[in-house]
Amino acid sequence: MRHLKIEASGIVQGVGFRPFVYRIANEHGIKGSVSNTPGGVRIHASGDGDQLYLFLRALKDEAPPQAVIEEVQVETAAPFSAASFEIIPSTGGEDRSVLISPDLATCGDCLDELLDAGDRRYRYPFINCTNCGPRFTIIRDTPYDRPNTSMAKFTMCPDCEKEYHDPADRRFHAQPNACPVCGPRLWLADSKGREIEGDAVRLAAGLLREGKIIAIKGLGGFQLACDATSSETVARLRLKKNRYGKPLAVMAGSVSEASEYCMVTEEEERLLSSPKSPIVLLAEKEGSPISREVAIGLKHQGIFLPYTPMHHLLLREVDFPLVMTSGNISSEPIAKDNEEALERLGGIADYLILHDRDILVRYDDSVARALDGAEYPVRRARGYAPYPIRVKTTGGPQVLALGAELKNTFCLLRGEHAFISQHIGDMESPAELDHFEEALEAVKRLFSLEPEVVAYDLHPDYMTTHMAMEMPLPRIGVQHHHAHVVGCMADNREEGKVIGVAWDGTGYGEDGTVWGGEFLLSDKRGFERLAHLYQCPMPGADACIYRIHRMAMGVLSKLFDDEEEALLRLRELMEIKKKEGASLVSQLRNKVNAPLTSSAGRMFDVAAALAGLRSEAQYDGQAACELEAVAVETGHYYSFMLDRSREPWVIDTRQLFREVLEDVQIGVDAGMIAGKFHETMARSVVETCKELSSETGIERVALSGGVFQNELLTLRVLEGLRAAGLAPLIHRRVPTNDGGVSLGQAIIAASRASRQRD
Ligand code: ZN
Ligand code: ZN
Ligand code: FE
């Protein structure tokens with residue numbers, strides 16, 4: 001007889017791990033015990049060698065679907081005698097390194113019960129078990145036990161209590177366990193908060209059919225729902241929400257329904273039906289009944305499936321897809337409390353579905369796509385956070401990295417765990433700042449994190465930069481595109497030097513100009529700017545993001561010697577008001593408020609404007625997205641020149657844009673121009689990387705930055721780099737947009753801080 005002590009860490013609490021250990025122990029004749037510890041799960045096991053071998057193998061191979069075992073430590077224990085195998089109470093302690101599961105979509109077993117008229121939870125909208133349901137959004141503190149959650153106020157009935165204490169039950173220690181007798185309740189209210197009697201879900205379905213907008217309290221906040229097939233209703237929602245251009249997400253009842261609207265590949269189906277249940281960007285099918293108002297000018301539709309019992313019930317009542325978008329007015333954080341929702345959403349929604357289980361942290365829906373055969377995250381929140389990304393550690397200090405500004409996240413790095421926050425949003429309003437601080441406090445408390453260093457973007461005007469200046473911690477400023485590249489490295493658990501291609505909309509450069517078309521020889525210690533896109537002036541600076549004709553004027557001013565001439569040519573293509581034209585000319589001539597930029601994102605915007613797609617954008621990157629949507633691949637491309645006489649090298653795009661203008665003049669259609677432009681930009685990345693690789697001997701290329709959200713460009717670049725014998729890396733666990741910047745900042749700051757200490 002041998003005796004072992006086994007410690008397992010990772011996501012091993014709140015996912016049915018102890019009942020699983022209990023079951024396999026009994027299967028293999030093991031005696032002893034299992035308990036939760038602050039660091040994970042501890043097992044005492046006794047048996048003969050064969051039994052223990054099979055037990056350990058089962059522990060690793062058969063773990064419950066939502067468990068993530070990071071490490072199993074096995075040591076010989078002092079002999080003990082046990083007549084059976086038992087689950088024993090949790091042990092306390094100070095080391096809180098246990099990982100908390102994200103909220104997970106309703107599992108198949110719970111769904112079966114939800115729809116089974118004979119089950120005691122038939123149509124109960126809060127059904128859950130150890131394999132599914134809320135986690136992160138209901139936790140006040142660790143350890144993850146019911147008194148520390150927003151379920152504390154509901155006392156379990158005898159039936160629920162019995163399940164909760166039965167190790168053989170799927171709801172053994174399921175902290176949010178509840179039923180219609182004892183648990184939370186759902187009701188429908190009008191926009192003034194007055195309750196309407198009846199079955200909330202059935203009533204809501206009827207109202208949605210009539211074209212009403214309904215605010216729904218979900219897992220991590222409110223959502224706004226309406227009929228996605230009605231252009232009139234969707235337009236009304238956009239107007240009230242003050243959200244004009246940006247695409248809206250659509251919830252479909254099932255994978256087969258989703259594939260009526262969009263193409264769904266195997267990988268995309270896997271993403272749609274995973275417990276993370278993100279919004280997945282899918283290529284729309286011709287003749288889809290979803291209104292054109294939902295994803296204006298785009299060929300991809302953001303589709304997701306029901307992920308709470310309430311969604312399942314609702315989608316079964318209506319026979320059309322629902323727009324399901326975050327419950328906020330544009331640019332504010334998602335509403336989460338009943339009172340808050342009535343105040344903030346009462347003017348948007350005709351009715352509200354409310355419930356009495358409090359949401360403790362705001363938690364948006366996540367967005368992902370499949371690219372090059374695997375997941376490519378776009379926005380990381382529900383289902384992902386707060387589970388940390390594991391990185392290679394340097395053993396530096398704990399770092400808090402504040403991220404950038406748009407699509408922001410923060411990152412707390414401790415050892416090999418990078419706790420990346422859920423998507424916070426655009427840091428442009430005081431409300432977003434509150435959301436940021438609220439989320440930061442939650443993550444620090446739950447994981448006992450105490451940052452010793454703060455990392456921030458070099459941009460002097462970012463709200464996150466101001467935050468860093470006010471923190472009583474040593475500060476490390478990190479260049480934006482360097483952070484992108486190192487974020488991509490850490491995402492792939494790679495170290496060493498790479499050729500980093502950081503292409504995005506805007507980032508503050510070390511020389512004070514606006515960067516965004518960068519080739520940086522990088523590692524986590526530092527970088528060298530080896531090449532960049534040709535710089536053009538941005539008349540009106542950041543105004544160019546929305547007023548694309550201004551950026552187009554900036555580009556044209558570089559093609560023609562004279563600004564008046566450039567304006568004349570621009571006027572042939574788009575309407576420019578007389579006064580604005582004059583001010584553009586003077587800004588460019590006098591170099592006033594016209595900083596230089598090497599931004600790749602802005603060049604996609606300009607190509608879209610010259611091709612006649614749009615000269616004003618309602619959101620950052622809209623024109624570029626539409627350019628991708630219309631692109632026809634022909635294999636043809638424009639000229640560009642890699643100017644190696646300069647230091648750093650410059651990809652000269654002037655000839656490219658001259659040829660675009662020629663195409664426009666002879667009436668080539670926008671789709672062809674878009675296709676040629678994408679091909680050219682992809683080739684310019686590949687050619688530049690090839691040259692840089694032969695110069696430096698480095699074959700690894702890390703692609704990062706918001707421009708690589710462009711699927712067509714990214715796939716062509718990957719293809720070209722591989723054909724050239726280079727080894728490209730793309731993001732796989734954090735977004736390639738600015739949501740991935742905080743991870744890179746944290747890694748760079750940890751590396752610098754530990755060197756300073758030595
Ligand atoms: Zn379940
Ligand atoms: Zn109950
Ligand atoms: Fe960026």
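Modeller: In this predicted model, donors are the N, O and S atoms within 2.8 Å of the metal, and water is not among the atoms, so sites may look incomplete.

Colleague: How are the donor residues of the iron ion (ligand 3) spaced in sequence?

Modeller: The protein donors of the iron ion (ligand 3) are His 480 and His 484, each through NE2, together with Asp 504 and Asp 738, each through OD, and they lie 2.1 to 2.3 Å from the ion. Written as a pattern along the sequence, the spacing of these donor residues is H-x3-H-x19-D-x233-D.

Colleague: How many residues apart are His 480 and Asp 738, the pair that links distant parts of the chain?

Modeller: His 480 belongs to helix H13 (residues 480-491), whereas Asp 738 sits in the loop between strand E31 (727-729) and helix H22 (741-757). Both His 480 and Asp 738 are buried.

Colleague: Is the arrangement of the 4 donor atoms around the iron ion (ligand 3) tetrahedral or irregular?

Modeller: A tetrahedral assignment would need all angles to lie between 85 and 135 degrees. Around the iron ion (ligand 3) the 4 donor atoms subtend angles of 85 to 170°, and therefore the arrangement is irregular.

Note on methods
Residues numbered from 1 in each chain as written. Chains lettered and ligands numbered in written order. Predicted model: local features only at pLDDT ≥ 70, side-chain atom pairs only at ≥ 80, totals over all residues. Heavy atoms only, no water. Donors = N, O, S within 2.8 Å, 3.2 Å for Na, K, Ca; no water. Tetrahedral: all angles 85-135°; square planar, octahedral: opposite > 155°, others 65-115°. Helix = DSSP H or I, 4+ residues; strand = E, 2+ residues; numbered from the N terminus. Buried < 20%, exposed > 50% of the residue type's maximum accessible area, 1.4 Å probe, protein only.
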